[in-house]
Amino acid sequence: MKDKFFKVLLTAWKFLVKGFSLFMFRYRKLPGIWRYFLAFVFYFWLYTRMVSFNFLWLFGSMPEIEKLENPKVTIASELYTVDHKLIGKYYRENRSPVSYAELNPYIVKALIATEDIRFYEHSGIDLNALISIPIYLMKGDNRGGSTLTQQLAKNLFKTRNEVSKGLMGRIPLIKTMIIKTKEWIMATRLEKTFTKEEILTMYLNTVDFGSNSFGIKVAASTYFNTKPSDLTINECAVLVGLLKAPTSYSPVSNPKKCEERRNVVLGQMLKYSVISQGQFDSLSTSPLVVKFKAESHNDGSGTYFRNIVGNYLRDWCKENGLDLYADGLKIYTTLNSRIQQHAEAAVDSQMKVLQARFYKHWKGKNPWVDEKDIEIPGFIEKVAKRTDYYIILKKRFEGNLDSINYYMNKPKKMKVFSWKGDRDTLLSAMDSIRYYKHFLQCGMMTMDPFTGQILAWVGGINFKHFKYDHVYQSKRQPGSTFKPFVYCAAIDKGYTPCDKMVDQRVNIKYYDRWLKKDTVWSPRNSDWIFTGEEMTLRRAMAKSVNSITSQLIEKIGPETVINYAHKLGIQSRLDTIPSVGLGSSDVSLYEMVGAYSTFLNKGVWTEPQFVLRIEDHNGNIIHEFLPQRKHAISEETAWLMLYMLKGGLEEPGGTSQALFQHGGLFKGNEFGGKTGTSSNHSDGWFMGVTKDLVSGVWVGGDDRSIHFRTSALGEGARTACPVYGIYMEKLYQDKETGVKMGYFPRPFVKINKPYNCRTKLKPKVDSTSLDSVEILP
């Protein structure tokens with residue numbers, strides 16, 4: 001095959017030599033210089049044709065005519081809230097195009113004066129500049145002759161990458177000639193296709209300004225926190241100066257060189273009468289003022305939400321032939337920017353308090369303990385082995401523990417999270433793991449139960465330092481917040497809120513699939529006391545009485561509880577054991593909020609939705625998303641469950657009465673709520689329901705072994721409920737959120753079952769009511 005190729009190549013060479021001889025013979029009567037000139041013109045034309053068509057694969061590929069006429073630029077996809085606030089981007093190159101009308105005229109004039117003064121006179125190739133290159137080289141001035149159009153061709157079509165090389169492109173001097181020829185060809189084609197203004201706009205939209213800023217819009221925002229149209233003359237000069245070498249002339253890392261380069265650009269603008277001498281004197285002596293802020297995925301609002309949406313959209317785009325990181329999509333989400341802002345503020349406010357309380361609670365001790373409150377030996381070492389750094393060291397040193405441990409324990413400078421702001425310190429990798437394992441985490445989500453739209457999403461306390469999402473990714477024991485699914489199943493099967501049961505010990509026999517034998521489950525109440533009191537199911541759920549919930553589980557069966565939980569929207573695997581009704585199986589906060597929304601939405605489960613629609617860069621709708629809906633329970637049962645949830649605040653001893661500490665919430669307003677706490681107080685939950693919003697809050701450590709040791713500190717009423725209370729106060733105070741106080745709707749349908757049996761005992765505020773779940777026999 002190789003011999004055949006070289007044979008063809010040799011034949012082609014002989015043809016060219018013979019052709020040249022015939023050409024010279026045919027025009028032998030012309031003066032010699034003209035013959036050679038005509039031969040040069042002919043063979044240069046032939047050479048450009050050969051380059052254009054990649055003759056014998058010698059010159060590398062060239063973009064097709066269609067691509068030249070419709071060049072594809074890598075554009076960042078933008079993520080917007082439901083109220084049209086930009087909250088994030090997905091990109092390989094952070095670029096957001098602008099139109100020519102959005103450009104400050106001085107950025108165009110500065111660019112032309114510095115890079116291509118004859119831009120409006122040439123057709124892609126500046127012959128004067130090319131001819132003058134040898135003269136400047138002899139003077140020691142290594143300047144190029146590339147026009148702006150040639151530079152645009154290079155930026156658009158990556159003329160210098162491996163794919164474009166070809167066989168002859170691997171020979172040093174010939175490689176440069178071929179690259180330049182391709183840029184000349186593409187530049188002339190671009191000039192034929194686009195106007196000068198369009199070429200300038202494309203150039204400024206594609207060029208790299210450094211600091212991950214591609215295009216003039218992102219550069220103006222990154223370096224000066226402004227729009228391209230609002231740039232000053234000085235700022236225009238700085239940005240044009242960056243084009244020569246973004247790193248060398250960076251106003252952040254090399255301010256002195258940047259200032260010198262800015263003055264060179266100003267000098268060019270003076271030379272070509274863009275600015276006056278007076279302007280030059282004033283601008284060139286003015287100090288360099290930069291408002292640098294590089295865009296980061298770790299900054300801004302809704303960081304956890306953006307990450308989850310990005311994961312979802314990456315797969316969706318792949319299935320639909322789109323590129324999330326290059327196609328410039330406009331993604332409109334359900335998130336409400338103001339509601340999100342208040343959710344994040346509420347989490348920050350309460351978690352600062354809880355963290356201080358947690359530090360005080362564990363002062364002098366490590367919080368990773370077993371069920372007997374004894375520190376777990378080797379806990380940090382086990383965690384360390386799962387870190388990326390440990391895995392890299394293990395590979396680097398081929399499992400040598402001495403070397404791995406040396407570097408894992410070697411102190412180094414780092415920036416760590418604190419509730420007073422990031423702080424610089426000196427810690428080893430092992431020390432940093434110990435430090436971060438002392439922090440409590442939080443997840444929070446709010447949903448419109450009627451549309452399914454997610455309005456707020458807080459996945460953790462700080463995305464920059466804690467990437468794991470506690471709304472969707474994390475699954476933990478929900479404790480007593482799972483109990484409403486038991487009562488829902490029971491009511492749907494014929495029970496009523498007014499039916500009564502006795503608070504007494506329960507022994508439930510069942511077959512343990514793990515132990516492979518029959519066993520007995522005897523759950524305890526959280527306060528370890530069985531009162532012997534007869535109470536309504538409404539009050540039992542409000543007080544979170546384990547014994548009565550367990551009796552219902554025994555009567556209707558764990559399978560029925562699981563079936564209803566799944567019907568209401570729980571998708572996680574649930575263990576078919578009696579304790580499932582007390583929240584022993586792991587679920588996500590995302591599932592729980594969706595499931596509770598069914599009660600408010602007349603028994604119809606609506607899939608929680610986070611994306612409304614996707615548009616292309618020009619605003620054409622590509623896809624509109626509609627949430628999945630299914631009928632889960634009857635309208636009567638749904639309304640009765642709302643009435644049951646109100647009992648957490650209305651019934652004596654209701655565990656949701658910690659919400660009364662936020663007194664301003666109850667003037668002409670109603671709430672339903674359910675607290676929850678898992679074994680050992682590892683997880684604190686609160687589910688809150690109003691007439692038009694359903695919210696869920698979870699608080700706990702990254703690991704189940706990290707938690708408070710007492711109910712007074714670790715109950716959901718103490719940890720999660722205050723986050724919800726602060727949040728709702730903020731929502732109602734901000735009229736722009738559109739969230740208003742009000743009462744729950746009247747019954748959707750005729751209620752046939754008795755329900756108006758509110759316990760007549762004198763209600764009292766009891767924020768210390770217990771709701772934790774002991775799932776062990």
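In this predicted model, Phe485 has contacts beyond its neighbours within four places in sequence: they are made with Tyr564, Ala565, Leu568, Ile570, Met592, Ala595, Tyr596 and Phe599.

The chain as a whole contains 26 helices and 18 strands. Of its 777 residues, 53% count as buried. The accessible surface of the chain is about 37300 Å², and carbon and sulfur atoms hold 54% of that area. Among contacts in the chain with a separation of 6 or more, 71% are between residues 24 or more positions apart.

**The five-stranded sheet**

An open sheet is built from five strands in the order S7-S6-S18-S17-S16, with antiparallel pairing. Its edges are strand S7 (454-458) and strand S16 (672-677), each of which pairs on one side only. On average, and with direction ignored, neighbouring strands of this sheet are turned by 10° against each other. Within the sheet, strand S17 (residues 683-689) is joined to strand S18 (residues 694-701) by seven bridges in the antiparallel sense. Trp685 faces Trp698 of S18 across this pairing.

Two helices pack on the sheet. Helix H14 (residues 337-361) touches strand S6 (440-447), S7 and S18, and its direction makes about 30° with that of S7. Helix H24 (residues 635-650) touches S16 and S17, and its direction makes about 70° with that of S16.

**The disulfide and other cysteines**

The structure holds one disulfide. The bond joins Cys498 to Cys757, with an S to S distance of 2.1 Å. The torsion about this S-S bond is about -100°, and the disulfide is therefore left-handed. Cys498 sits in the loop between helix H19 (483-492) and strand S8 (500-502), whereas Cys757 belongs to the segment after helix H26 (716-733), so the bond ties together parts that are 259 residues apart in sequence. Both cysteines of the pair, Cys498 and Cys757, are buried.

**Strand S1 and its partners**

Strand S1 takes part in two pairings. It runs antiparallel to S2, to which four bridges join it, and parallel to strand S3 (residues 330-333), to which three bridges join it. Glu78 has Lys89 as its bridge partner in S2, and Tyr80 has Tyr332 as its bridge partner in S3.

**Loop residues with positive phi**

Most residues other than glycine have a negative phi.

| Residue | Phi | Relative accessibility |
|---|---|---|
| His84 | near 65° | 53% |
| Ser273 | near 60° | 64% |

His84 lies in the loop between strand S1 (77-80) and strand S2 (86-90). The hairpin of S1 and S2 has five residues between the strands, and His84 takes its positive phi there. Ser273 is found in the loop between helix H11 (255-271) and helix H12 (277-285). His84 counts as exposed because its relative accessibility is 53%, and Ser273 counts as exposed because its relative accessibility is 64%.

**A mostly covered helix**

Which residues of H6 are buried? Helix H6 (residues 148-157) is mostly covered, with eight of its 10 residues buried. The buried residues are Leu148, Thr149, Gln150, Gln151, Leu152, Ala153, Leu156 and Phe157.

Note on methods. Residues numbered from 1 in each chain as written. Predicted model: local features only at pLDDT ≥ 70, side-chain atom pairs only at ≥ 80, totals over all residues. Heavy atoms only, no water. Disulfide = S-S within 2.5 Å. Buried < 20%, exposed > 50% of the residue type's maximum accessible area, 1.4 Å probe, protein only. Pairing = 2+ DSSP bridges. Contact = heavy atoms within 4.5 Å. Areas by Shrake-Rupley, 256 points an atom, 1.4 Å probe, with all protein chains shown as cover. Axes fitted to C-alpha atoms, helices over the stretch in contact; angles between N-to-C directions.
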